[in-house]
Amino acid sequence: MGQGAVSQRYRVVVAGMGKRGMHHATAFAASPRFDLVGISSRDQKRLDAAAAKFSDVKRSTDARKLAEEVKPDVFCFCTPPTVRLPFIEAGIASGAKLIAFEKPVATTSAEGLAVKHALDKSGVKAVVSHQHRYGEHYQKVKEIVASGAIGKVHTVYGTATGWAAHMLSHLVDYTSWFNDYEPAEWVMGQAAGRGKLTDVHASPDYVAGVVHFRNGVRGIYDCGAGAPDVPEVPYWWRKCRIGAVGTDGYAEVHTGSGWRAVTRRGVESGPGGMDYDHDMAPYIQEMADWLDEDGKPHPLRFARAYQGFEIVSGFYQSAIDGGQIALPLTSAMDELEGLRGKLPARPVLMTLAESAKEYKE
Ligand SMILES: NC(=O)c1ccc[n+]([C@@H]2O[C@H](COP(=O)([O-])OP(=O)(O)OC[C@H]3O[C@@H](n4cnc5c(N)ncnc54)[C@H](O)[C@@H]3O)[C@@H](O)[C@H]2O)c1
């Protein structure tokens, strides 16, 4: 956009009026760069309740029809992990310039690859919501790592007590960011616990894996029932430790409570806590920046999320078939089906007693 030009406002439809749909709709409605023009939910009651919170929005229980009628600049959908490709197709069919959707990219590499093909073919921009990175503690750790204060990075790592369909793509995305989104060349993973394979957020109860990134950096991930405690964080869902180790020190985020680093300067720490209200505004602003200028791609663009998605799919394929899995993936499959056929029926072993409220089978 030229200097002094009046900023264009972009029209948005949001589909799925659950927790994240409301976060997105609220943030778009509050932004000076967007007009929330339509909302959709399958559930009429939920739709009416949501519509009462916004002025001048069209509403429909049929997201595709609504988008085709309203022709938004941005089509955003916040549906459960199993609902992806039809909404990508609806966004493309509506003529939207950007599709914003929720993590994970998909639950199987078969669907993820179909999403990628559809987006690549259409040329429509897309972003995936790994928005925790806007938290001050995430920003601080990235700044320390990028400044060279921990020396040359050789390892990145992420742990979370919540299970993979909720948490693993977050761990992989933020650690990939610390490693400047270097592509992975191979991964190897293992999985345990069948309980969450039937959850709406379907995945094994526990996944652990290693990643070899092209620049030699090693990624280590530990997600779900067997992951270590993060005693710094009281809230179970935010017990995540995400960091980087270099030749001169380390720096890490604790999702629920601040950051810590040991650098050449000594031991440092500071505040921060994952906060949806805080993180949504910059996430959405950077969508406007990308729509304004092709040369300002969104930091959470689909291509990056897809790299992380391949890592997670590779862990599952390794747990199913054994051995290392080369990336990028050359074959797509239904990993959940494969894991259902492969994982032993033994109950998962839990690190934390309080995890028993989640991992029951
Ligand atoms: N980025 C984050 O920090 C974060 C946090 C929580 C959840 N999420 C992700 O957001 C997504 C949505 O999660 P949520 O917590 O908002 O869920 P939710 O259950 O609160 O809402 C889901 C919405 O999708 C609708 N829906 C369900 N099935 C549908 C279908 N077949 N077709 C159309 N609509 C359908 C539901 O009616 C509901 O409105 C998930 O992928 C989840 O992993 C991301």
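The model is predicted, so local features need pLDDT of at least 70 and side-chain atom pairs count only at pLDDT 80 or more, while totals for chains, interfaces and linings use all residues. Residues are numbered from 1 along each chain as its sequence is written, and side-chain values use heavy atoms, with hydrogens and water left out. Helices (H or I, at least four residues) and strands (E, at least two) are DSSP runs numbered from the N terminus.

- Let's start with Ile-284, which sits in helix α8 (residues 276–292).
- Beyond its neighbours within four places in sequence, Ile-284 is in contact (heavy atoms within 4.5 Å) with His-24, Ala-27, Phe-28, Ser-31 and Phe-34.
- Arg-46 is 238 residues from Ile-284 along the chain, and the C-alpha atoms of the two are separated by 24 Å.
- If residues up to four places away in sequence are not counted, His-212 touches Ala-184, Glu-185, Trp-186, Val-217 and Arg-218.

**Salt bridges**

- Side chains of opposite charge can pair when their charged atoms come close.
- Arg-33 counts as buried because its relative accessibility is 7%, whereas Asp-292, at 22%, counts as partly exposed.
- Glu-68 and Arg-64 also meet through their side chains, at 3.5 Å from N to O.
- Both Glu-68 and Arg-64 lie in helix α3 (residues 63–70), four residues apart, or about one turn of the helix.
- Glu-68 is partly exposed at 34% relative accessibility, and Arg-64 is partly exposed with a relative accessible area of 38%.
- Lys-196 bridges to Glu-358, the closest N and O atoms being 3.3 Å apart.
- This pair also links distant parts of the chain: Lys-196 lies in the loop between β8 (184–192) and β9 (206–213), and Glu-358 in the segment after α10 (335–342), 162 residues apart.
- Lys-196 counts as buried, at 9% relative accessibility.
- Salt bridges that share partners join Glu-232, Arg-241 and Glu-252 into one network.

**The cavity**

- The largest cavity holds about 170 Å³ of space, where volume is the space filled by probe spheres set on the points, and grid points are joined across faces, edges and corners.
- Its lining has 18 residues, and Pro-104, Ala-106, Phe-309, Val-312 and Tyr-316 lie nearest the centre of the cavity; lining residues have an atom within 4 Å of a point.
- The elements giving two or more residues to this lining are α7 (164–178) and α9 (302–321), and α9 provides the largest share, five residues.
- By class, the lining of the largest cavity has twelve nonpolar, six polar and no charged residues; Ala, Val, Leu, Ile, Met, Phe, Trp, Tyr, Cys and Pro count as nonpolar, Asp, Glu, Lys and Arg as charged, and the others, Gly among them, as polar.

How values were computed
Buried means under 20% relative accessible area, exposed over 50%, partly exposed in between (1.4 Å probe, protein chains only). A salt bridge is a side-chain nitrogen of Lys or Arg within 4 Å of a carboxyl oxygen of Asp or Glu. On a 1 Å grid over the protein atoms alone, a cavity is a set of points where a 1.4 Å probe fits but cannot get out, and a pocket is an open set with protein on both sides within 12 Å along at least five of seven lines; lining residues have an atom within 4 Å of a point.
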